[in-house]
Amino acid sequence: MRKVSDIAAAADADLVGRMAAGDEAAFRELLSRYQGLVYGYARRMLGDESLAEDVAQETFLRLYRNALRFRPEGTIKGYLLRICRNLCLDNLRVKGLKLVDEMPEQITETTPHSQLEGKQAALALDRALQKLPPNQRSAVVLRHGQGLAYAEIAEVMQTSVGAVESLLVRARRALRDSLSVYCNI
């Protein structure tokens, strides 16, 4: 009996093949399936919504342009996240992005205390993520933000499962230190 993940991968591969043959509906279906995943990953990696939108759009544009040459060694999800990851790393290197140390405008004195604490904690998490080295940040976002298994993360990052485990241990330690005030540690 075939696994659900194998069936989904075969369906995705069929969509890519149809897309390569000019089927725009197949492209729209892939976009519908994976746009949220790709954008969410880019948003957490870059800490910038507008730039994340640009990176997500470029990710799908590259899939569309390269559909004829597409020969995945893994899943389409892994392929898209690998493209997105590389684009994020390029943006981080080229532009030297730093997270702005300002509170978002929507947090005001009229915000109830519990909401303010929740928003402050979320902002602190974003800041802590931005302080992580890109490979650690990527592993954390893929695991905890996108729910990928270690093997899937290794596929996206083109590394071993052991390396992913090591990255996650170091990243969790750094996040725990950065967020100790919110975690009562």
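Because the model is predicted, local features need pLDDT of at least 70 and side-chain atom pairs count only at pLDDT 80 or more, while totals for chains, interfaces and linings use all residues. Residues are numbered from 1 along each chain as its sequence is written, and side-chain values use heavy atoms, with hydrogens and water left out.

To start with the overall fold, the chain has nine helices and zero strands. Here, helices (H or I, at least four residues) and strands (E, at least two) are DSSP runs, numbered from the N terminus. Of the 185 residues in the chain, 36% are buried; that word stands for under 20% relative accessible area, with exposed meaning over 50% and partly exposed in between (1.4 Å probe, protein chains only). Among contacts (heavy atoms within 4.5 Å) in the chain with a separation of 6 or more, 62% join residues 24 or more positions apart.

Now for the inside. In soluble globular proteins, nonpolar side chains tend to be buried together. A nonpolar core is a set of buried Ala, Val, Leu, Ile, Met, Phe, Trp, Tyr and Cys residues joined through side-chain atoms within 4.5 Å. The largest one here has 50 residues, and Leu30, Tyr41, Leu63, Ile76, Cys88 and Leu142 touch the most other members. Elements giving two or more residues to this core include helix H1 (4-20), helix H4 (76-95) and helix H8 (161-178). Setting aside neighbours within four places in sequence, Leu142 is in contact with several residues, among them Tyr41, Leu81 and Ile153.

There is also one aromatic pair in the structure. Rings of Phe, Tyr and Trp (its six-membered ring) pair if their centres lie within 6.5 Å; planes under 30 degrees apart count as stacked, over 60 as edge-to-face and the rest as tilted. With ring centres 5.0 Å apart and planes at 70°, Phe27 and Tyr64 are therefore edge-to-face. Phe27 sits in helix H2 (residues 24-46) and Tyr64 in helix H3 (residues 49-65), so the pair ties together parts 37 residues apart in sequence. Phe27 is buried, at 17% relative accessibility, whereas Tyr64 is partly exposed at 41%.

Finally, Lys131 belongs to helix H5 and is exposed, with 68% relative accessibility.
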